[in-house]
Amino acid sequence: MSRIITVAAAQMGPIQKAEPRSVAVERMVRLMERAHKRGVELVVFPELALTTFFPRHYHQDISEADSWFETSMPSNETAPLFDAARRYGIGFHLGYAEVAHEADETGNVRKRHFNTSILVSPEGDILLKYRKVHLPGHAEYDPKRVVQHLEKRYFEVGNLGFPVIRAPMGGLDGINMGMMICNDRRWPEAWRVLGLQSVELVALGYNTPSLNMEAGGFEAHHLRVFHSHLSIQAGCYQNACFAVATAKAGTEDGAELFGHSIIVNPQGEIVAMASSWDDELITADCDLDMCNLGRTTIFAFDKHRRPEAYGRITGQIGAVAPEVWKKA
Ligand code: ING
């Protein structure tokens, strides 16, 4: 009996700085309605799907940025998403900015800010939460940048690891699901930690500028989408899993984000791709048994991995200079 689930990437077009959450939520409910008509069982929305990509805006007083964050989930503004999930019997992934009052690693309970995503069941239960680990960009205003990218200013590094949960979804009684957010997709370590928990489906949202904002050197424009797809295809192939990668795209207050959301299978093949940079639903039937080939042959981790040779991966943060060859 094959284990097939019909998934969708619900790509969203731009959300302008002045647009209220209610407008974004209404667009998302429309996308869920369209997904329902196509028999979709799980919808993946983008990173920070409720507001504009606010880390491009500098707030000298960081507390001013709190208006971009959710203090509860669900909330009045997001309740229509949970209602739609129950109405249509569809699970969903949502990326949002989270305020949490909880203890930090020193035991000090304080107000904390994370770039967060959740997986929600068709019944409206929050099945899994993830907080973005790899925060790109910078913490202080950078005058040489064309557009700021202040994720290190507004978010703490995620403190939940890369969890995987086995939970019912669609017509299946259990799917191994995990998440990552945007920049995480560029780090093979993130994929492998999920792979080592037998993940079958990775839900990830992204907000990625279509131009290199760091002005750190020439990067041909077409490579922005290529690098995103390359990272996701490699992650899926090397961990024998599916991924649904959903963009927030288009021009937000003059800053352009690329779309081209994709759904990728465990062979690393793109099985569906958005062709716009606006609200667009792409769907695919995922036969989860397709994960078995990779994880029982080439990527049978228990048979082939050699952790004793991998010490540098967790033992180091940055790269070190190599040994210099000397003629004997
Ligand atoms: N955005 C970008 C991303 O990783 C980025 C930032 C773009 C970093 C291109 C490096 C190269 O896709 C987010 N939100 O992480």
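Modeller: A pocket, on a 1 Å grid over the protein atoms alone, is an open set of points where a 1.4 Å probe fits, with protein on both sides within 12 Å along at least five of seven lines, and its lining residues have an atom within 4 Å of a point. Grid points are joined across faces, edges and corners, and a volume is the space filled by probe spheres set on the points. This is a predicted model, in which local features need pLDDT of at least 70 and side-chain atom pairs count only at pLDDT 80 or more, while totals for chains, interfaces and linings use all residues. Residues are numbered from 1 along each chain as its sequence is written, and side-chain values use heavy atoms, with hydrogens and water left out.

The second largest pocket holds about 330 Å³ of space. It is lined by 19 residues, of which Pro136, Asn183, Arg186, Glu214 and Arg224 are the closest to its centre. This lining divides into five nonpolar, seven polar and seven charged residues, where Ala, Val, Leu, Ile, Met, Phe, Trp, Tyr, Cys and Pro count as nonpolar, Asp, Glu, Lys and Arg as charged, and the others, Gly among them, as polar.

Polar contacts, which are pairs of N or O atoms within 3.5 Å, can then be followed one by one. An N or O atom in the side chain of arginine 186 is 2.9 Å from an oxygen atom of the ligand, and threonine 208 places a polar side-chain atom 2.7 Å from an oxygen atom of the ligand. Asparagine 207 takes part through its backbone, where a polar atom is 3.1 Å from a nitrogen atom of the ligand. Taken alone, the ligand exposes 360 Å², and the protein buries 85% of that, with accessible areas from the Shrake-Rupley method and a 1.4 Å probe.

Most residues other than glycine have a negative phi.

Methods. Polar contact = N/O pair within 3.5 Å; in protein donor to acceptor, adjacent residues only side chain to side chain.
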